[in-house]
Amino acid sequence: MTPDTRPEVLALIPARGGSRSIPRKNLVVIAGKPIIAYSIEQALASAHITRTIVSTDDPEIAEVAAAYGAEVPFIRPAEFAQDLSLDLDVFRHALTWLRAHEGYVCECVVHLRPTGPVRRVPLIDQAIELMLAHPGADSLRSVCQPAQTPYKMWHMVDGLLQPVLSLPSVVEAYCQPRQSLPEVYWQNGYVDIVRPRVVLDRNLMCGDRILPFVVREPALELDYLDNIPAIEAALVKLQQGRWPDPDTGGDRHAV
């Protein structure tokens, strides 16, 4: 597929200026670069992403993003950059703005969260290829097997424990061995993809037909300062061309 015939694939990197857990989180320097730089560089290195945009409300983040090669064609309105703002608001604003001001439309939007910078570009491209191969799919979510099963989780109702999930054919599923319970997956935010029509026409982030993209590699997220050493170590390994092999427990070449 030549560049002229590639489907239009937009990478959207949301990066607001505020953060409660870590001030200025999207600009925290890890392994020598602002954390947002890694997502930008990954998008630019992709074989399938045709445009890379950062959506931010913050002039400093906009300046840093542009310095690393991303486009910042607009400043996100403050109303879509609050602590409880939804991804849906951010994506709807970006896609609406691009269509209204540039007449720009794309086949799909790749969601790269800057606070999860530990990714391999080949996996991003595999996810895009999977999405493009299934035109009927609304979206794609990267998932992994969780450390705990929700069949052994509880919530409280009127002061008593109630299981979060149950199985119609199994009495007290929470007492069963983990191996006998249904396999479940956790959305890990490694890479997600959505078609613009789902966001703009249906006001949803996923829709009904969601492709699974199973990732067996670490998906590290910057939520607290304590996360920085592990993220930095992983990024250094990637920069050195080494990466954990889930099959052997050792390192493999990170291509």
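Buried residues have under 20% relative accessible area, exposed ones over 50%, and partly exposed ones lie in between (1.4 Å probe, protein chains only). The structure described here is a predicted model, in which local features need pLDDT of at least 70, side-chain atom pairs count only at pLDDT 80 or more, and totals for linings use all residues. Residues are numbered from 1 along each chain, and side-chain values use heavy atoms, without hydrogens and water.

**Helix α2**

Helices (H or I, at least four residues) and strands (E, at least two) are DSSP runs, numbered from the N terminus. Helix α2 covers residues 59-67.

| Group in α2 | Residues |
|---|---|
| Buried (under 20%) | Ile-61, Ala-62, Val-64, Ala-65 |
| Exposed (over 50%) | Pro-59, Glu-63, Ala-67 |

Seen down the axis, the buried residues of α2 fall within an arc of 165 degrees (taken from the directions from the axis to the C-beta atoms), so they line one face of the helix. The exposed residues of α2 are carried by the face turned away from this buried side. The buried residues pack against β3 (33-34), α1 (35-45) and β4 (51-55), where contact means heavy atoms within 4.5 Å.

At the start of α2, a side-chain oxygen of Asp-58 comes to within 3.0 Å of the backbone nitrogen of Glu-60. After α2 comes Gly-69, with a positive phi near 105 degrees.

**The largest pocket**

The lining of the largest pocket comprises 32 residues; Arg-16, Lys-25, Asp-87, Thr-115 and Glu-221 lie nearest the centre. Strand β9 (186-194) and helix α3 (87-102) each supply at least two lining residues, and the largest share, four residues, comes from β9.

Terms used
On a 1 Å grid over the protein atoms alone, a cavity is a set of points where a 1.4 Å probe fits but cannot get out, and a pocket is an open set with protein on both sides within 12 Å along at least five of seven lines; lining residues have an atom within 4 Å of a point. A polar contact is a pair of N or O atoms within 3.5 Å; within protein, one must be able to donate a hydrogen and the other to accept it, and residues adjacent in sequence count only if both atoms are side-chain atoms.
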